[in-house]
Amino acid sequence: MRYFIKLSYNGKNYHGWQIQPDVVSVQEKLNFALSTVLQENIEVVGAGRTDTGVHASQMFAHFDIVKEIEGDIVHKLNSILPSDIVVYQVFKVDNEKHARFDAISRSYEYRIWLGRNPFLLDFSWQIHSQNLDLTAMNDAAKILLEYEDFQTFSKVKTEVYTFNCDVSEAFWKQEGDLLVFHISANRFLRNMVRAIVGTLVDVGLGKITKNDFRAIIESKNRSNAGLSVPAKGLFLTQIKY
């Protein structure tokens with residue numbers, strides 16, 4: 001039988017979602033908790049992979065088990081998991097349902113704090129003593145919807161079958177000193193959102209123009225794009241099925 005898990009996590013203490021040798025990952029912690037509670041070797045499959053230090057306010061994963069789950073498994077899992085990983089739901093699905101391949105869209109937010117805030121150090125990139133042109137950044141962000149190939153914003157050493165992504169929305173919103181970039185697509189490349197944000201910030205600082213931004217996308221050359229902004233400001237916020 002197949003079950004889905006809905007969870008969230010603070011990525012500060014983890015080397016991303018995926019299990020890797022000699023480092024701590026979210027997937028590893030979840031596998032351990034499930035295997036302990038269910039008394040069976042459980043390996044979860046995530047809806048996607050977040051990089052080191054990236055957070056997820058919504059994540060889904062699935063796992064298979066021989067017998068049906070009984071009792072309050074959510075409470076049991078949360079009593080074993082570290083406090084920076086929280087499970088909200090565990091629910092049965094069709095055996096063919098796949099957390100990764102059946103997802104039709106994923107949404108991310110990148111959070112910038114304009115100034116200094118000691119309470120948001122772990123959850124935002126803080127920019128002070130510089131002014132950003134939000135209108136110019138939003139004008140440039142709209143250009144992303146005109147393209148499919150985002151090789152420019154991909155990590156250079158990555159094994160993917162295509163650099164094409166269907167971006168359905170990309171925009172900035174400001175609430176007081178908090179500036180948030182929202183982006184949704186059917187899939188994302190490694191480091192893609194952080195590289196896009198870094199390049200859009202260059203637009204906001206007046207270092208490059210909207211037309212420069214378009215040329216950077218068309219160049220398909222990562223070295224032409226902006227810096228990869230800090231992971232701590234990035235959140236996986238929604239996965240749609």
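**Entry 1: overall dimensions**

I take the radius of gyration over C-alpha atoms, and the globule rule as 2.2 Å times the number of residues to the power 0.38. The structure I examined is a predicted model. For 241 residues the rule puts a compact globule near 18 Å, and the protein has 19 Å, so the two agree. I then looked up the extent of the C-alpha trace, which spans about 60 × 40 × 30 Å along its principal axes.

**Entry 2: secondary structure and contacts**

I recorded five helices and nine strands. Their order along the sequence reads β-α-β-β-α-β-β-β-α-β-β-α-α-β. Next I checked the sequence range of the contacts: among those between residues at least 6 apart, 72% join residues at least 24 apart.

**Entry 3: burial and the nonpolar core**

I noted that 49% of the 241 residues count as buried. In soluble globular proteins, nonpolar side chains tend to be buried together.

Leaving aside residues up to four places away in sequence, Phe153 touches Leu144, Arg190, Asn191, Met192, Ala195, Ile196, Thr199, Phe213, Ile217, Arg222 and Ala225.

**Entry 4: the largest pocket**

I turned to the open spaces. The largest pocket has a volume of about 1,100 Å³. It is lined by 36 residues, of which Gly48, Arg49, Arg100, Phe188 and Arg190 are the closest to its centre. Arg190 is also one of the residues that Phe153 touches. Two or more lining residues come from each of β2 (45-46), β5 (105-114) and α4 (192-204). I noted that α4 gives the most, with three residues. By class, the lining holds 16 nonpolar, 12 polar and eight charged residues.

**Entry 5: the second largest pocket**

I found a volume of about 150 Å³ for the second largest pocket. Its lining consists of Trp125, Gln126, Ile127, His128, Gln130, Gly198, Val201, Asp202, Leu205, Lys207, Leu227 and Val229. I counted the classes as six nonpolar, four polar and two charged.

**Entry 6: helix α4 across the entries**

I collected the entries for α4.

Notes: Residues numbered from 1 in each chain as written. Predicted model: local features only at pLDDT ≥ 70, side-chain atom pairs only at ≥ 80, totals over all residues. Heavy atoms only, no water. 1 Å grid on protein atoms, 1.4 Å probe; cavity = no way out; pocket = protein on both sides within 12 Å on 5 of 7 lines; lining within 4 Å. Points joined across faces, edges and corners; volume = space filled by probe spheres on them. Helix = DSSP H or I, 4+ residues; strand = E, 2+ residues; numbered from the N terminus. Nonpolar A, V, L, I, M, F, W, Y, C, P; charged D, E, K, R; others polar. Contact = heavy atoms within 4.5 Å. Buried < 20%, exposed > 50% of the residue type's maximum accessible area, 1.4 Å probe, protein only.
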